[in-house]
Amino acid sequence: MAKPLTAALVIQLANALMFTYLAAVTRLDGRGVAGGLAAFGLAGVLGTFLGGHTAGRHPRRWATLAGIAMAVALAVFGFLGTHLGVTYLVVAIWGMAMQVIMPIVTHQAVESGGNLAAALNSGAANTGIAGGGLAAGALLNLVSFGDLPWIASGATVLIVLLMTTNSLVNPPVGHQPSPH
């Protein structure tokens with residue numbers, strides 16, 4: 001049960017490193033940020049559907065691909081994040097990718113620990129969100145807003161490595177990976 005909870009915590013931490021300061025990083029006004037949040041949310045609905053659909057089918061593969069997409073999307077902000085059209089597209093990719101991972105780790109938490117694990121998963125995700133926001137705030141004493149996309153992307157790459165090498169996301173119970 002600890003591995004999916006760890007995955008939920010760290011993916012949300014990486015997400016909140018950037019999400020908390022989206023307006024400052026992208027230099028969008030309130031209306032622009034509202035559009036970006038709408039793109040994130042709408043794409044997140046699709047990501048939640050995909051994550052739920054794939055939770056029992058090659059979860060490590062899907063979580064890894066989503067993590068890579070999230071890392072790349074966050075890194076794009078380091079290059080182009082202040083252009084409105086690019087911002088909305090990148091935020092949508094990021095939202096979808098992040099939301100693919102959450103149903104996968106929730107499914108795995110419930111499989112390994114039942115109803116209590118579902119509650120703990122929500123707690124781990126919310127702790128990650130709070131921790132990411134606090135970490136970004138502390139980092140801003142040392143770096144600029146323009147550095148946050150790179151830090152969030154790097155944190156996401158670390159999570160992808162943990163998911164693939166430390167089995168934070170496991171194959172479904174009773175599933176034997178294909179030798180291919």
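This is a predicted model: local features need pLDDT of at least 70, side-chain atom pairs count only at pLDDT 80 or more; totals for chains, interfaces and linings use all residues.
Residues are numbered from 1 along each chain as its sequence is written, and side-chain values use heavy atoms, with hydrogens and water left out.

The chain exposes about 8600 Å², of which carbon and sulfur atoms supply 69%; accessible areas come from the Shrake-Rupley method with a 1.4 Å probe, and for residues only the protein chains shown count as cover. Of its 180 residues, 42% count as buried (buried, under 20% relative accessible area; exposed, over 50%; partly exposed, in between; 1.4 Å probe, protein chains only).

The chain contains 6 helices and 0 strands, and its pattern along the sequence reads α-α-α-α-α-α. Helices (H or I, at least four residues) and strands (E, at least two) are DSSP runs numbered from the N terminus. Among contacts with a separation of 6 or more, 86% involve residues 24 or more positions apart, a contact being heavy atoms within 4.5 Å.

Aromatic pairs number 5 in the structure. Rings of Phe, Tyr and Trp (its six-membered ring) pair if their centres lie within 6.5 Å; planes under 30 degrees apart count as stacked, over 60 as edge-to-face and the rest as tilted. One of these pairs, Tyr21 with Phe145, is tilted, at 5.8 Å centre to centre and 45° between the planes. Tyr21 is located in the loop between helix H1 (2-19) and helix H2 (22-26), and Phe145 in the loop between helix H5 (84-139) and helix H6 (148-165), so the pair ties together parts 124 residues apart in sequence. Tyr21 is partly exposed at 24% relative accessibility, as is Phe145, with a relative accessible area of 36%.

A further pair, Phe77 with Trp94, is edge-to-face, at 6.0 Å centre to centre and 80° between the planes. Because Phe77 lies in helix H4 (residues 59-80) and Trp94 in helix H5, this pair ties together parts 17 residues apart in sequence. Phe77 is buried, with a relative accessible area of 6%, and Trp94 is buried at 0% relative accessibility. Phe77 and Trp94 also belong to one aromatic cluster with Phe19 and Phe40.

Helix H4 also holds Phe79, which is exposed, with a relative accessible area of 64%. Phe79, Leu80 and Trp150 make a nonpolar surface patch of about 340 Å². Patches are made of residues with over 30% relative accessible area and no salt bridge, like charges being joined within 9 Å and nonpolar side chains (Val, Leu, Ile, Met, Phe, Trp, Tyr) within 5 Å; a salt bridge is a side-chain nitrogen of Lys or Arg within 4 Å of a carboxyl oxygen of Asp or Glu.
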